[in-house]
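Here is a walk through one protein chain, written for someone who likes cut-offs spelled out. Have a look at the sequence and the model first, then read on.

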Amino acid sequence: MNWSRCAGVVPSRDGTAERVAVDLGDRSYDVHIGPGVRGLLPDLVAGTGARRVAVVSARPEGWVPDCGRPTLRLDAVDGEHHKTLAEVERLCRRFAEFGLTRSDVIVSCGGGTTTDVVGLAAALYHRGTAVIHLPTSLLAQVDASIGGKTAVNLPAGKNLVGAFWQPAAVLCDSEFLDTLPPRELLNGYGEIARCHFIGADGLRGLPLPEQIVGSVRLKASVVAADERDGGLRHLLNYGHTLGHAIERATDFAVRHGEAVAIGTVFAGRLAGVLGRVRPDRVAEHEAVVGHYGLPTALPAGVDDAALVNLMRQDKKVTVGLAFVLDGPDGAELVRGVPERAVTEALAAMPRAEKAAGKRR
């Protein structure tokens with residue numbers, strides 16, 4: 001089923017932005033997408049009934065509009081090394097010092113790290129305080145800010161401590177993307193590319209704004225059908241099992257979207273080894289990832305055995321190894337994948353030259 005066709009997309013009144021509804025009953029909210037949508041923030045804050053606002057931003061102060069309420073402004077730093085429980089505690093302490101109550105609102109402004117950390121802080125502070133996300137990176141706009149998954153890292157793995165906490169709204173202002181360096185923009189394409197294999201195979205070749213809407217629509221549909229990862233939502237982790245392992249193996253020198261892109265190529269190869277898809281479908285994985293200019297090869301100097309060990313620590317794993325893989329009926333979570341098949345697929349992956357691993 002093409003899940004990307006199931007969420008409603010409503011044009012804005014001025015025709016320059018669009019609104020995707022995440023339908024979750026009394027936890028429903030809208031994702032606003034387009035140039036200048038951050039200007040909706042004051043009205044959205046007023047709609048929550050908040051008397052005070054805490055703005056946590058990894059971007060310059062002027063990027064967040066005045067919320068029309070007494071506001072605490074806190075700096076944040078994007079990057080996986082800052083996704084820690086210590087950072088969540090720092091934020092919550094500052095919220096308490098400011099006198100923030102559970103009837104107030106928290107605003108995040110930044111990339112995926114910021115939305116994850118601030119979202120978790122909002123979920124924990126007073127056992128749940130409203131949060132509005134202003135994602136400023138492509139990756140955060142198409143994925144991290146939507147769906148209510150919040151988490152921080154532990155030395156043992158990525159996103160191991162977290163909670164489900166849906167935002168009150170998400171404002172994906174496309175003007176923020178004009179500030180991104182090329183590699184950061186490419187990083188976001190990693191999440192868009194993997195959509196091709198989980199229900200949104202028509203995104204290639206579309207203008208970026210349409211790719212963003214299509215990606216958000218897909219995620220909104222999946223989240224509405226499975227808010228808490230009971231089954232279908234696992235599809236959103238396509239390419240992520242190896243992707244997360246690559247991030248950790250390289251100490252996050254390979255960015256998340258880049259790692260997911262490599263993981264997507266690997267997922268195609270592993271599905272081929274297991275006889276789930278034909279060789280042309282395996283090749284399609286590399287073609288789609290390559291279309292976006294994303295890496296398709298394992299980084300130089302990373303040991304296959306180390307990657308397998310890291311993949312065993314993935315959150316989806318209960319016994320053995322688990323991957324979201326393509327198949328005759330589409331993508332699905334496959335548990336108990338034989339290690340020999342994983343090592344065979346890894347051995348067949350191309351390897352990047354050492355010089356390529358130095359790019360920033």
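## Pro338 and its loop

Pro338 sits in the loop that runs between strand S12 (332–334) and helix H11 (339–348). Helices here are DSSP runs of H or I with at least four residues, strands are runs of E with at least two, and both are numbered from the N terminus. With a relative accessible area of 31%, Pro338 is partly exposed; buried would mean under 20%, exposed over 50%, and partly exposed is what lies in between (1.4 Å probe, protein chains only). Pro338 and Ser103 are 235 residues apart in sequence, and their C-alpha atoms are 50 Å apart in space.

A quick word on the ground rules: this is a predicted model, so local features need pLDDT of at least 70 and side-chain atom pairs count only at pLDDT 80 or more, while totals for chains, interfaces and linings use all residues. Residues are numbered from 1 along each chain as its sequence is written, and side-chain values use heavy atoms, with hydrogens and water left out.

## The chain as a whole

The protein chain has 11 helices and 12 strands. For 360 residues, a compact globule would have a radius of gyration near 21 Å, and the 20 Å of the protein chain agrees with that. That radius is taken over C-alpha atoms, and the globule rule is 2.2 Å times the number of residues to the power 0.38. Along the principal axes, the C-alpha atoms fill a box of roughly 60 × 40 × 40 Å.

Of the 360 residues, 54% count as buried. The chain exposes about 14,900 Å², and carbon and sulfur atoms supply 51% of it; these areas come from the Shrake-Rupley method with a 1.4 Å probe, and for residues only the protein chains shown count as cover. Among contacts with a separation of 6 or more, residues 24 or more positions apart account for 70%, where contact means heavy atoms within 4.5 Å.

## Where H5 meets H8

How do helix H5 (residues 182–194) and helix H8 (residues 256–273) cross, and at roughly what angle? Their axes come within 7 Å and cross at roughly 35 degrees. The axes are lines fitted to C-alpha atoms, for helices over the stretch in contact, and angles run from 0 to 180 degrees between N-to-C directions. The crossing of H5 and H8 is left-handed, a label used if the near helix is turned anticlockwise from the far one by less than a right angle (right-handed if clockwise).

On the H5 side, the contact is made by Arg183, Asn187, Gly190, Glu191 and Arg194, and on the H8 side by His256, Gly257, Glu258, Val260 and Thr264. Sorted by type, the residues of this contact come out as 1 nonpolar, 5 polar and 4 charged. In that scheme Ala, Val, Leu, Ile, Met, Phe, Trp, Tyr, Cys and Pro are nonpolar, Asp, Glu, Lys and Arg are charged, and the others, Gly among them, are polar.

## Two positive phi angles

The loop between helix H7 (240–249) and H8 holds Asp251, and Phe252 lies in the loop between H7 and H8 too. Asp251 has a positive phi of about 55 degrees although it is not a glycine, and Phe252, also not a glycine, has a positive phi of about 65 degrees. Most residues other than glycine have a negative phi.

Leu74 belongs to strand S5 (residues 71–75) and is buried at 3% relative accessibility. Not counting residues up to four places away in sequence, Leu74 touches Val55, Val56, Ser57, Leu91, Arg94 and Phe95. Gly320 is 246 residues from Leu74 in sequence and 42 Å away in space, C-alpha to C-alpha.

Thr113 lies in helix H3 (residues 112–124) and is buried at 9% relative accessibility. Leaving out residues up to four places away in sequence, Thr113 touches Val77, Asp78, Gly79, Glu80, His82 and Lys83. Asn159, in strand S9 (residues 157–164), is buried with a relative accessible area of 16%. Beyond its neighbours within four places in sequence, Asn159 has contacts that include Lys83, Asp116, His244 and Lys315.
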